[in-house]
Structure formats: C-alpha cells, structure tokens
Amino acid sequence: MIDTVMQRLGVTESQYRQGDFIVTTPTDGSEIGRIKLEGADAVDARIARAEQAFKQWSQVPAPRRGELVRLFGEQLRRHKQDLGALVTLECGKILQEGLGEVQEMIDICDLAVGQSRQLFGLTIASERPGHHMRESWHPLGPIGLITAFNFPVAPWAWNSALALVCGNSLLWKPSEKTPLCALACQALLERAIEEFGDEAPQDLSQVILGDHEAGERLVDDPRVPLISATGSTRMGREVAPRVATRFGRSILELGGNNAMILAPSADLDMAVRAILFSAAGTAGQRCTSLRRLIVHESIRDEVVERLKKAYANIRIGDPMEGYLVGPLIDGQAYEQMQSALERASKQGGSVFGGERQLADAYPNGYYVSPAIVEVKEQDDLVRHETFAPILYVMSYSDFEDALAMNNDVPQGLSSCVFTTDVREAETFVSDQGSDCGIANINIGPSGAEIGGAFGGEKETGGGRESGSDVWKSYMRRQTNTVNYSRELPLAQGIKFD
Ligand code: UN1
C-alpha cells in the first residue's frame with residue numbers, strides 16, 4: 001500500500017527506499033521506508049539556497065503568491081485520501097483524523113489565499129502638519145519550521161501557507177518519526193510550483209531530514225529570522241534560548257495539559273461525547289487532548305460511571321480499518337504511559353483501563369485501552385503532561401475552585417467548560433477565567449478550526465499559529481513617517497535651531 005500511495009503523491013522510490021534510517025509504522029512496527037539523514041553542513045547549504053529563493057519570491061506580488069497557495073490547495077483536495085492514509089500509516093491516528101488533518105491544510109490554504117490580498121497595515125495620524133504615518137508589512141526571510149509526529153502535516157501547512165503568501169521561503173525539519181509525510185507534502189507543493197511557473201524559484205520550500213545536530217544548525221542560524229516549532233516543552237526549552245541568543249523570533253507551540261470543568265447544569269450527553277473524542281481520540285496524542293476532568297461533586301459518580309461504560313466500548317485497532325482508537329506512536333510512549341499509571345496507583349489513585357491491547361496480533365504495535373484515573377488532588381503527576389490517553393478525574397464543589405484547578409498547571413494551551421449557566425460560561429472566558437490560549441464553552445478542548453489563532457500561554461510557549469492576524473508573525477513590520485510639507489518640524493515639539 002505504501003508504494004501506491006507514495007507514487008500517487010509524487011514521491012519517488014529513491015527518496016524513501018534508500019538510506020540507513022528506518023521508518024516504521026506504529027500500526028504494527030513494520031518498516032515502511034528508509035531515508036538518508038542529512039548532517040549540519042547540508043543544512044548550511046540549504047539555508048543559503050533558501051536565502052536566494054527568498055530574494056526572488058519576495059519580489060512576486062502577494063496576490064500572485066496567493067495563486068501558488070491556491071494551486072497547492074487544489075493538489076491537497078485531489079490527494080486528500082492518499083495523504084490522509086499516509087498520515088494514518090506513519091503516525092497511527094485513525095483515518096478519519098488523518099483526513100481531518102489534510103482538511104486543516106486545505107482550510108488554511110483557502111484562508112491564506114484570501115489573506116494574500118489583505119496584507120495591509122494601519123495609517124496613523126501624525127502630530128506634525130504635512131506628515132502622515134503608516135505601517136508597512138514586508139516579507140521576513142527564510143522561515144524554519146520544526147514539527148512533531150502527532151500532527152505530521154497540518155502545523156507545517158498552517159505555517160507555510162501563510163509564510164508563502166507573506167513572501168518567504170521555507171525550511172522544514174519534520175519529526176524523525178514522520179519523514180514520509182514531509183516528503184509527500186513537499187512533492188505536492190512541488191507539483192503546484194511547477195504548475196505555477198517560473199516566478200516561483202527553485203528551493204522555495206525544502207525539507208531537512210536530519211538529526212538533532214541538523215536541527216540545531218537550523219535553529220542557530222541568523223539567516224533564518226523566524227523559527228516556528230511545535231513539540232514538547234522540553235524541545236521548546238532547547239530551541240527558545242538558542243533562537244533568542246541570536247535575536248531571532250520564535251513561534252512556540254509546546255505542551256498542553258488541558259482541562260474540562262463539568263458543571264452540574266451541563267448537558268451530560270454532549271459532555272460525555274466531547275470527553276470521549278478529546279481524551280481517548282487520537283490515542284490521547286494531541287497537544288489539545290483532554291487530560292484533566294474537573295467535575296462537580298454532585299455528578300461525579302454518574303459521570304465516571306457513564307465514562308467507564310463508554311470507554312469499555314471503544315473499538316481499538318488498526319487505524320486504517322474504522323476503529324476509534326489506534327496505536328501509540330511507539331514502545332517508549334507506552335512505557336511512559338505505564339509508568340504514569342503505576343505512579344498514580346501508588347499514590348492512591350484508582351485506575352480504570354490503560355492495559356496493552358492486541359499484543360499478540362501486533363507484538364510491535366502499542367495499542368492501549370484509554371485510561372481513566374480518579375485522583376484526590378491535582379499533584380505533580382497530574383500537572384505533568386503524559387502524551388498518552390490518560391484522563392485524570394477530580395471533583396470540585398465551588399466553581400471558583402474549579403477555575404483555580406484549571407489554571408494550576410504549568411501549561412496553558414486549551415481548556416473548556418460544560419455548563420448552561422451563563423455566569424459560569426462568561427466567567428470562564430473572562431480575564432478572571434481560564435488562563436489558556438484556547439477557552440471553549442460546551443466544546444471539548446481539541447479539534448480547533450483554523451480560523452482562530454492557535455497556541456497557548458506559560459509552558460505552551462506563547463506562540464500563535466493559523467488564523468486571525470497570525471500572518472503578521474511571518475512579516476517584518478515597518479513604521480513609515482512621510483513628510484510632504486516644505487518644513488522640517490520635529491516630533492514632541494523639539495526646537496533644534
Ligand atoms: C497538535 O496536537 O499539535 O485543535 C495540533 C486541534 C487540532 C490541532 C492539534 N486542530 O486539536
């Protein structure tokens with residue numbers, strides 16, 4: 001299957017069948033490709049080429065740049081099934097979600113095409129006669145993108161669709177766990193570039209399949225003014241200071257530890273469905289996955305019982321075959337999940353689920369039943385993000401306390417409340433409410449649309465990607481003051497005669 005899909009997506013065998021680095025599928029651990037990893041010197045050369053490409057591309061009018069992204073969106077529409085299947089095969093999320101990820105790419109392309117005619121700045125009243133002020137937005141330079149295994153294609157597209165219409169070239173270092181998805185995206189973009197014609201330079205977009213050192217070289221290079229990185233907080237702690245040292249900019253989208261406050265007035269049917277999708281879906285491997293349920297004490301027993309019933313019925317299996325939950329990415333993720341569950345038990349938590357599944361059928365595939373862990377309080381274990389389907393359940397009696405618990409973790413990505421009480425709902429999204437970048441009412445914490453800005457506070461890193469006015473991050477802001485008078489008055493009324 002892999003060969004047919006790769007062929008249709010335009011990736012040649014030599015790109016994914018030659019090399020020492022073995023790529024496996026989490027569905028059963030089998031090999032799906034071999035690639036060559038590049039060293040730091042190769043990255044150096046790529047950055048030089050990206051600089052050249054930037055010089056040419058930044059001269060193309062923005063709406064024309066939008067046309068390239070429109071063509072790329074068309075490629076994605078045409079190849080949605082194949083790319084969705086490849087996402088599923090390489091990272092293990094179920095096909096519905098693989099397709100959803102490709103749809104996010106299509107959506108951001110649409111948004112970026114429109115944006116290509118709206119890269120506008122302000123005009124500002126000047127304090128001086130015969131003067132005007134304005135803001136101009138200029139292309140920034142080669143953009144470095146680092147992405148994670150769990151969303152191997154969409155975050156790249158959020159960044160690159162906007163970065164391209166803003167006039168930038170791209171350097172993409174994907175996760176070493178999902179290089180084939182990167183090769184496929186690059187192949188589709190190259191097709192769009194070919195259709196677009198000569199105005200688009202060679203090397204407008206490049207993929208770096210490299211190791212840690214290659215990544216460091218990208219992060220450290222002052223020719224790359226912006227690094228946009230998605231991944232763990234640990235990775236962000238390495239990347240952020242390195243970029244800051246050279247006064248580069250970064251967009252960081254790191255860990256999440258997302259909660260739901262479930263109030264007594266909530267529609268429980270809706271809430272249970274939302275919990276299932278956001279806590280068990282994607283095998284708990286979204287940065288937006290629900291990890292903490294803060295439920296009102298009066299409905300705790302009923303909710304936990306309903307959840308256990310629903311969890312017991314979750315169909316777990318080959319993500320390509322219509323199951324609801326696929327495998328974890330690898331054995332290490334499984335070990336981390338098990339050690340969190342063991343610690344929870346030792347600390348007096350009550351653990352439901354979490355066992356390995358289908359080990360006979362897939363000795364090298366790490367399927368687990370999603371776990372529910374009832375805990376007494378929010379301790380360090382709960383505050384830590386374990387990238388696996390573990391839902392910690394805690395109860396509250398006072399809404400204020402629930403809010404405090406929502407915020408009392410180091411991460412600040414996503415959050416939600418289920419309530420029909422307008423006071424609770426509005427408080428949750430007020431400045432006194434959730435401290436996260438995303439705060440939802442009667443919707444789970446995951447599955448955001450691309451129209452909004454995506455990202456979070458605290459250890460999540462503070463960056464924003466995708467919609468709203470995020471395009472500005474990929475441009476250089478310039479303030480212009482223009483004097484069309486015959487005098488030279490100074491600002492602040494200063495006399496210097
Ligand atoms: C991620 O897990 O890194 O909101 C991104 C969501 C998706 C994006 C998740 N639109 O769950």
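Author: Happy to! In this predicted model, the C-alpha centres of domain 1 and domain 2 lie 31 Å apart. The contact takes 16 residues from domain 1 and 18 residues from domain 2. On the side of domain 1 that touches domain 2, the elements giving two or more residues are α5 (80–91) and α6 (95–115). Helix α5 provides the largest share of that side, with three residues. Sorted by class, the side of domain 1 that touches domain 2 has six nonpolar, five polar and five charged residues.

To place the two partners along the chain, look at the domain bounds. Domain 1 is made of two stretches, 2–254 and 461–479, while domain 2 covers 258–441.

Now for the ligand. The shell around the ligand draws at least three residues from each of domain 1 and domain 2. You can pick out its surroundings by name: Glu104, Asn150, Phe151, Pro155, Thr230, Arg286, Cys287, Thr288, Ser446, Gly447 and Ala448. By class, this shell has four nonpolar, five polar and two charged residues.

Next, let me take you to a helix, α15, which spans residues 399–407. Its buried residues are Ala402, Leu403 and Asn406. These three cover an arc of only 100 degrees around the axis, so they sit on the same side of α15. What do the buried residues of α15 pack against? Their partners are the strands β10 (258–262), β11 (290–296), β16 (390–396) and β18 (414–418).

Finally, step back to see the setting for all of this. The protein's secondary structure comes to 16 helices and 23 strands. Along its principal axes, the C-alpha trace spans about 80 × 60 × 40 Å. A compact globule of 497 residues would have a radius of gyration near 23 Å, and the protein's value of 24 Å agrees with that. Of the 497 residues, 51% count as buried. Contacts also reach across the sequence: among those between residues at least 6 apart, 73% join residues at least 24 apart.

Conventions:
Residues numbered from 1 in each chain as written. Predicted model: local features only at pLDDT ≥ 70, side-chain atom pairs only at ≥ 80, totals over all residues. Domains from an automatic or database assignment. Contact = placed C-beta atoms within 7 Å. Helix = DSSP H or I, 4+ residues; strand = E, 2+ residues; numbered from the N terminus. Nonpolar A, V, L, I, M, F, W, Y, C, P; charged D, E, K, R; others polar. Near = placed C-beta within 6 Å. Buried ≥ 20, exposed ≤ 12 C-beta atoms within 10 Å, placed from the backbone. Arc of directions from axis to C-beta. Rg over C-alpha atoms; globule rule 2.2 N^0.38 Å.
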